[in-house]
Protein chains: 2
Amino acid sequence: MSALGSLVVVGLGPGTAEWLTPAAADALARATDLVGYGPYLDRAPAHAHQHRHASDNRVEVERAALALDLAAQGKHVAVVSGGDPGVFAMAAAVFEALDGGKAAWQRIPITVEPGITAMLGAAARLGAPLGGDFCAISLSDNLKPWDVIVHRLTAALSADFVISLYNPISSARPWQLGEALTLAGTIRAADTPLIFARAVGRPNESITVTTLDQAAAIPADMSTLVMIGASTTKLIARTNARPYVYTPRYYGAWR
Amino acid sequence: MSALGSLVVVGLGPGTAEWLTPAAADALARATDLVGYGPYLDRAPAHAHQHRHASDNRVEVERAALALDLAAQGKHVAVVSGGDPGVFAMAAAVFEALDGGKAAWQRIPITVEPGITAMLGAAARLGAPLGGDFCAISLSDNLKPWDVIVHRLTAALSADFVISLYNPISSARPWQLGEALTLAGTIRAADTPLIFARAVGRPNESITVTTLDQAAAIPADMSTLVMIGASTTKLIARTNARPYVYTPRYYGAWR
């Protein structure tokens with residue numbers, strides 16, 4: 001029987017190595033095996049004698065099972081995730097696989113290294129849009145019914161949270177973002193700040209600040225984080241630059 | 001007239017230097033002046049010839065005004081914040097001060113360096129409790145009315161978000177956390193996972209996993225992040241260790 005391995009789920013942050021924590025870099029350097037979606041593995045610094053197991057982006061639980069099998073064989077495995085691994089990324093998939101999974105997996109020490117999630121990277125670029133209470137919702141209805149997403153969106157819009165939408169759109173899910181923003185327009189004012197933050201921290205970063213009634217004009221894809229301001233979210237105009245966006249910490253009486 | 005300075009709001013992460021991003025470390029090293037709450041300044045690595053302006057924790061907008069004044073005088077100022085500066089921390093205070101503030105402040109280049117916020121640090125220690133949709137709410141009613149907090153909590157509880165409570169309790173606000181958890185008990189089941197994560201990433205880190213009906217037994221303070229699980233949040237028992245806590249990505253039909 002081989003020695004017990006280990007498994008760490010590592011967050012790379014949004015893109016730039018400047019946002020990769022030292023703890024995450026160390027965890028990547030110590031691993032004998034990296035498991036993850038190909039483009040994320042490409043962002044991990046190269047280390048000799050390290051095995052890389054690339055997969056596509058639609059098989060999270062199989063990827064988690066592969067990682068657990070390798071760790072059970074004595075490997076020191078890093079599961080590589082974009083952003084923060086606990087926010088709509090690989091950490092939950094690993095624990096889903098573990099829970100009720102093979103007996104050989106149950107003794108593996110599993111740790112998680114946090115990262116800068118897209119919402120925090122986008123907020124930093126903009127100013128302080130998350131200055132008040134906020135929510136994060138995945139718009140993907142691959143794993144939960146659309147009516148749950150509508151219920152949560154309605155609750156968050158009605159209670160005036162700032163809302164970050166992850167996984168807003170893909171070729172297989174073309175209409176959900178439009179529906180969500182149409183719903184937002186029935187609850188929030190037309191001039192509510194709306195942000196499309198694409199590929200934050202990567203060379204092709206692109207951030208658009210618009211308003212809810214102009215949403216249809218802005219393209220989005222799976223690399224886009226969409227943020228809907230609260231009623232109190234404000235812009236500060238700048239000359240020759242995108243406005244700052246912030247949500248004050250103070251809040252008046254309930255309207 | 002002196003040369004234009006700059007202002008960067010820097011997130012230190014929850015505590016350990018292993019969670020401080022290289023970009024944040026660089027921003028601290030380049031600054032001529034550091035402004036912040038004393039204990040946060042103590043956590044910033046020492047650099048010669050750097051001026052440190054410590055303040056207490058209750059004067060965010062005065063602290064922001066001091067930082068903007070220094071930058072307007074040509075200094076390169078880092079405003080030092082725990083966790084992520086955009087999440088219930090200094091970034092919003094800086095933009096509140098800027099908005100409608102002195103004319104001399106308006107041309108200062110202002111940037112924000114994100115950090116690991118307490119919620120992400122705590123989640124990493126636990127497993128993947130934020131695997132589903134989630135909210136972050138500050139329980140402080142210093143700057144917003146308590147009825148707004150109750151409205152938001154009720155909405156988030158009813159829509160089955162995982163909920164992170166920041167600023168849960170202080171000597172001046174002794175009853176708010178108890179009220180919030182009592183409210184949670186009227187909407188969520190008694191055995192809902194409840195987490196008290198204190199001083200995550202610091203030497204005195206302490207994490208307790210309990211259930212909503214046992215909340216009163218657990219002490220909390222301003223260094224504590226309280227997390228209320230969703231109806232789907234699960235525990236995985238371990239021998240001789242705290243259980244893992246995770247929220248599956250999948251979600252059944254709306255109950």
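How many residues of chain B are in contact with chain A? The count is 70 residues of chain B, which touch 70 residues of chain A; contact here means heavy atoms within 4.5 Å.

## Basis of the model

This is a predicted model, in which local features need pLDDT of at least 70 and side-chain atom pairs count only at pLDDT 80 or more, while totals for chains, interfaces and linings use all residues. Residues are numbered from 1 along each chain as its sequence is written, chains are lettered from A and ligands numbered from 1 in the order in which they are written, and side-chain values use heavy atoms, with hydrogens and water left out.

## Symmetry of the two copies

Two copies of a chain are related by a rotation about an axis and a shift along it. Here, chain B is superposed on chain A by a rotation of 180 degrees with 0.0 Å of shift along the axis, giving an RMSD of 0.0 Å. The two copies are therefore related as by a two-fold rotation axis. Within chain B, C135(B) has the C-alpha nearest the axis, at 2.0 Å from it.

## The interface

Because 100% of the interface residues of chain B are also interface residues in chain A, the copies meet through the same surface. Between them, chain B and chain A bury about 5900 Å², with 62% of this area on carbon and sulfur atoms. Buried area is the accessible area (1.4 Å probe) that two parts lose on being put together, summed over both. D133(B), R152(B) and R249(B) supply 14% of the area that chain B buries against chain A, more than any other three residues.

## Salt bridges

Side chains of opposite charge can pair when their charged atoms come close. A salt bridge is counted when a side-chain nitrogen of Lys or Arg lies within 4 Å of a carboxyl oxygen of Asp or Glu. There are 18 salt bridges over all chains, and the count between chain B and chain A is 10.

One salt bridge links D133(B) with K144(A), where the closest N and O atoms are 2.5 Å apart. Another links E60(A) with R249(B), with the closest N and O atoms 3.6 Å apart. E60(A) lies in helix 3 (residues 60–72) of chain A and R249(B) in the segment after strand 13 (241–246) of chain B, so this pair joins two chains. Helices (H or I, at least four residues) and strands (E, at least two) are DSSP runs, numbered from the N terminus.

## Strands across the interface

Strands of a sheet pair through backbone hydrogen bonds, either parallel or antiparallel. Two strands are said to pair if DSSP finds at least two bridges between them. Strand 7 (residues 134–138) of chain A and strand 7 (residues 134–138) of chain B run antiparallel and are joined by three bridges. In this pairing, C135(A) has C135(B) as its bridge partner.

Conventions: Least-squares fit on C-alpha atoms with pLDDT ≥ 70 in both.
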